[in-house]
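Work through these exercises with the model open. Each task is followed by a solution in steps.

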Amino acid sequence: MRDMDDVDGFDFSIGGVVNGQWMNFNSNPQMIEDWQILSSYRNNPQCGTATINRIIHQKYRVEATEQSKYRKRSTKNILGTDGIVYGEKVINVRNQSRKKPWEGYPNDEQCQNYIANGEVGIVEKIWQKPKARANTHQVRFSSQPNHSYNWPSEVNNEGNADLELAYALTVHKAQGSEFGKVILVLSEPCNLLSKEMLYTAITRQKDKLIILYNAEAYNLRSYSSMEYSDIARRFTSLFEKPEIVEYNKKFYEANLIHKTIRGELVRSKSEVIIANMLFERGIHYEYEKELVLEDDGKKIPDFTITVAGRDEPVYWEHCGMMSNADYVRRWELKRAVYEKHGIIENKNLIVSEENDSFDSQMIAALIDQYDLGW
């Protein structure tokens, strides 16, 4: 798209093809998965999928006539509670069997006669008959690109529908799917956002991920902690009574979190050992305290240690995945930033490494080596 008002660019991005003076949508239904907007909310008035879908529907379908070079098929009767018209990106929201449009349909012997919950498609044709009840929306799904299915062009009396607009989907509905480009909309405060949901959201893309976030980007790092894990807050043991612990007015299964003697949650068992050894020796530390490094932004050392008699703190980074090449690359970039700002190993930076095993004696030796004190 050239800009926000480029309706034709928008149409091309979801598979629109020009035929003479008309914009058609039946040639490449798989293009509707080239991009996808995701949100953790459905009904949030600011950033929920219902709001986003309504804005896009209004701008690029209802009000788009004068901004397009090409004509689109009219829609006499809208479909569903979202007011679906010709050329809309839609999602099927329930498992259902459906008949193929007619006998002799191209490759109809391969037609599944079934559409699963979560399949995404595009309204490629509107059948408008003299009797309103015969009007149908014809939809082609990316999972079955050689076939189409029809839905009556109406809003049912129950106020629900099999098809909904799908320019924006909740992270939950996008589970198991992949898209070329994902635009992830996040808004704080977000009670629904968890470690697992964020992981699901950022792994839906194949080519590019864009995050629209109303807070500083580094805040997203906190969601990698078990404090924000949905799994750690589930008490579903079938064979024994779960051991429940409280942290920051939330309750967790003790076996699923990493808690230090001092009572804080850390990210790994290795960090538990380091924190406990520092605590037992009476060494004052802060876990994951933000460090502002001028133009290089904020970094978060694992431990920031205050040492008696020293004006500057000592920082401790535990590198727990040194067998992973990408992890090593990211660590080297972080180390270079530290050195730029005078945080140097063997001076005021402690670095402990872990490959396939953890050596607690190495941790004790580092504490002695840097004379952190008892």
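Predicted model: local features only at pLDDT ≥ 70, side-chain atom pairs only at ≥ 80, totals over all residues.

**Exercise 1. The ends and faces of H7**

Task: Find which residue caps the N-terminal end of H7, and say which residues of this helix are buried.

Solution. Asp359 caps the N-terminal end of H7. One of the side-chain oxygens of Asp359 lies 3.0 Å from the backbone nitrogen of Gln361.

Next, the helix itself. H7 covers residues 360-369. Its buried residues are Ile363, Ala364, Leu366 and Ile367. Seen down the axis of H7, they fall within an arc of 160°, so they line one face of the helix. Gln361 and Gln369 are on the other side of H7, and they are exposed.

Then look at the cover. Helix H5 (269-280), E22 and strand E23 (349-353) are among the elements that cover the buried residues of H7.

Last, what comes after the helix. Asp371 follows H7, with a positive phi near 50°.

**Exercise 2. A glutamate in E22**

Task: Decide whether Glu317 is buried or exposed, and state which side chain it joins in a polar contact.

Solution. Glu317 lies in strand E22, residues 314-319. Its relative accessible area is 4%. The cut-off for buried is under 20%, so Glu317 counts as buried.

Now the partner. The side chains of Glu317 and Tyr338 are joined by a polar contact of 2.6 Å.

Then the wider surroundings. Leaving out residues up to four places away in sequence, Glu317 touches Ile300, Pro301, Asp302, Trp331, Lys334, Tyr338, Leu349, Ile350, Val351 and Ser352.

**Exercise 3. Aromatic pairs**

Task: State how many aromatic pairs the structure holds, then classify the pair of Phe141 and Trp151 and the pair of Tyr287 and Phe303.

Solution. The structure holds 8 aromatic pairs. Phe141 and Trp151 form one that has 6.0 Å from centre to centre and 65° between the planes. Planes over 60 degrees apart count as edge-to-face, so this pair is edge-to-face. Phe141 lies in strand E8 (residues 136-141) and Trp151 in strand E9 (residues 149-152), so the pair ties together parts that are 10 residues apart in sequence. Both Phe141 and Trp151 are buried.

Turn to Tyr287 and Phe303. Their centres are 5.5 Å apart, with 55° between the planes, and the pair is tilted. Tyr287 belongs to strand E18 (residues 284-287) and Phe303 to strand E21 (residues 303-306), so this pair links parts that are 16 residues apart in sequence. Tyr287 is buried at 16% relative accessible area. Phe303 is buried at 0%.

Finish with a cluster. Ring pairs link Phe10, Trp35, Tyr60 and Tyr167.

**Exercise 4. Arginines over rings**

Task: Which ring lies under the charged end of Arg73, and which ring face does Arg262 lie over?

Solution. Arg73 has its charged end over the ring of Trp22, 4.0 Å from the ring centre. Arg262 lies over the face of Tyr285, 3.7 Å from the centre of that ring.

**Exercise 5. Across the sequence**

Solution. Take Ile56 first. This residue sits in helix H2, residues 49-62. Ile56 is buried, with a relative accessible area of 10%. Beyond four places in sequence, Ile56 touches Phe10, Ile37, Arg61 and Tyr167.

Now Gly282. It is in the loop between H5 and E18. Gly282 is exposed, with a relative accessible area of 57%.

**Exercise 6. The whole chain**

Task: Count the helices and strands, then the disulfides.

Solution. The chain has 7 helices and 23 strands. Of its 374 residues, 45% are buried. Among contacts with a separation of 6 or more, 60% join residues 24 or more positions apart.

The disulfide count is 0, with sulfur atoms within 2.5 Å as the criterion. Cys47 is buried at 7% relative accessible area. Cys319 is buried at 2%.

Definitions and conventions:
Residues numbered from 1 in each chain as written. Heavy atoms only, no water. Helix = DSSP H or I, 4+ residues; strand = E, 2+ residues; numbered from the N terminus. Buried < 20%, exposed > 50% of the residue type's maximum accessible area, 1.4 Å probe, protein only. Polar contact = N/O pair within 3.5 Å; in protein donor to acceptor, adjacent residues only side chain to side chain. Contact = heavy atoms within 4.5 Å. Phe/Tyr/Trp six-rings, centres within 6.5 Å; stacked < 30°, edge-to-face > 60°. Lys NZ or Arg CZ within 6 Å of the ring centre and 35° of its normal. Arc of directions from axis to C-beta.
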